[in-house]
Amino acid sequence: MRPLRYSINVTLDGCVDHEAGVMPDEESMRFWTEQMAAADALLLGRVTYELMESAWRRPESGVWPDWMQPWEIPFAEAIDRTPKYVVSSTLDRVDWNAELLRGDLGTAVRELKARPGLGLWVGGVTLPLALANLGLIDEYEFVVQPVLAGHGPTLMAGLRERVELRLVDRIGFRSGSVAVRYRPVRPAG
């Protein structure tokens with residue numbers, strides 16, 4: 001069974017707005033590239049899918065945009081080629097190496113997890129909350145940013161039941177950010 005890992009940047013006060021934390025640097029992008037390479041597929045909600053696609057999809061010209069730093073290109077290439085499953089009730093179709101995931105969320109994700117492979121990765125805010133409420137997340141990975149945002153969406157706001165976690169890995173970055181990975185004390189379903 002493939003594990004499902006929820007990965008996201010989060011500020012010290014729990015904000016998960018992608019613009020609230022520390023700007024990515026070479027070290028953090030290398031970390032996220034390694035995480036992306038360890039995923040067979042991404043599971044994304046509509047908002048995260050559209051956000052990631054607008055930033056990281058390879059342009060039709062095949063040339064990455066001028067704003068992109070050379071050390072961001074390996075991440076862009078990794079996310080661009082990784083298969084994606086998009087959960088949306090409003091989209092009729094997707095592309096960018098993606099397929100819509102329809103039907104009951106719990107059943108669909110259990111079927112994806114049952115396939116052989118390295119693992120699935122989920123990002124965003126709303127979809128991971130739904131998956132956590134269904135008990136389907138096997139690992140939680142947070143890059144904690146040394147910032148107090150004071151506003152914005154917060155991590156797992158609306159979680160129905162407490163989820164006890166145990167630390168399995170911790171990596172510190174020169175920026176002061178810390179990547180922490182946890183597994184639920186009770187295995188996911």
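Predicted model: local features only at pLDDT ≥ 70, side-chain atom pairs only at ≥ 80, totals over all residues.
Residues are numbered from 1 along each chain as its sequence is written, and side-chain values use heavy atoms, with hydrogens and water left out. Local features need pLDDT of at least 70 and side-chain atom pairs count only at pLDDT 80 or more, while totals for chains, interfaces and linings use all residues.

**Exercise 1. Find the surroundings of T33.**

Step 1: Start with the location. T33 sits in helix α1, residues 26-37. Helices (H or I, at least four residues) and strands (E, at least two) are DSSP runs, numbered from the N terminus.

Step 2: Check the exposure. Buried means under 20% relative accessible area, exposed over 50%, and partly exposed in between (1.4 Å probe, protein chains only). T33 has 17%, so T33 is buried.

Step 3: List the contacts (heavy atoms within 4.5 Å). Leaving aside neighbours within four places in sequence, T33 touches P74, F75 and A78.

Step 4: Look at the side chain. A polar atom of the T33 side chain lies 3.3 Å from the backbone nitrogen of F75.

**Exercise 2. Work out which residues of helix α2 are buried and where they lie around the axis.**

Step 1: Pick out the buried residues. In α2 (residues 46-56) they are T48, Y49, M52, E53 and W56.

Step 2: Look down the axis. The buried residues of α2 fall within an arc of 130°, so they line one face of the helix. The arc is that of the directions from the helix axis to the C-beta atoms.

Step 3: Turn to the other side of α2, where V47 and S54 are exposed.

Step 4: Ask what covers the buried residues. The cover includes α1, β2 (41-45), α3 (73-81), β3, β4 and β5 (120-122).

Step 5: Follow one of these residues, E53. Beyond its neighbours within four places in sequence, E53 is in contact with D95 and W96. E53 and D95 are 42 residues apart along the chain, and their C-alpha atoms are separated by 9.7 Å.

**Exercise 3. Describe W96 and N97 in their loop.**

Step 1: Read the backbone angles. Most residues other than glycine have a negative phi. Phi of W96 is near 60°, a positive value, and phi of N97 is also near 60°.

Step 2: W96 is buried, at 4% relative accessible area, whereas N97 is partly exposed, at 42%.

Step 3: Look above the ring. K84 lies over the face of W96, at 4.1 Å from the ring centre. A charge sits over a ring if NZ of Lys or CZ of Arg is within 6 Å of the ring centre and within 35 degrees of the ring normal.

**Exercise 4. Classify the ring pair of Y6 and Y140.**

Step 1: Recall the rule. Rings of Phe, Tyr and Trp (its six-membered ring) pair if their centres lie within 6.5 Å; planes under 30 degrees apart count as stacked, over 60 as edge-to-face and the rest as tilted.

Step 2: Apply the rule to one of the eight aromatic pairs. The ring centres of Y6 and Y140 are 6.4 Å apart and the planes are at 80°, so the pair is edge-to-face.

Step 3: Locate the partners. Y6 lies in strand β1 (residues 4-11) and Y140 in strand β6, so the pair ties together parts that are 134 residues apart in sequence.

Step 4: Complete the picture. Both Y6 and Y140 are buried, and ring pairs link Y6, Y140 and F142 into a cluster.

Definitions and conventions: Polar contact = N/O pair within 3.5 Å; in protein donor to acceptor, adjacent residues only side chain to side chain.
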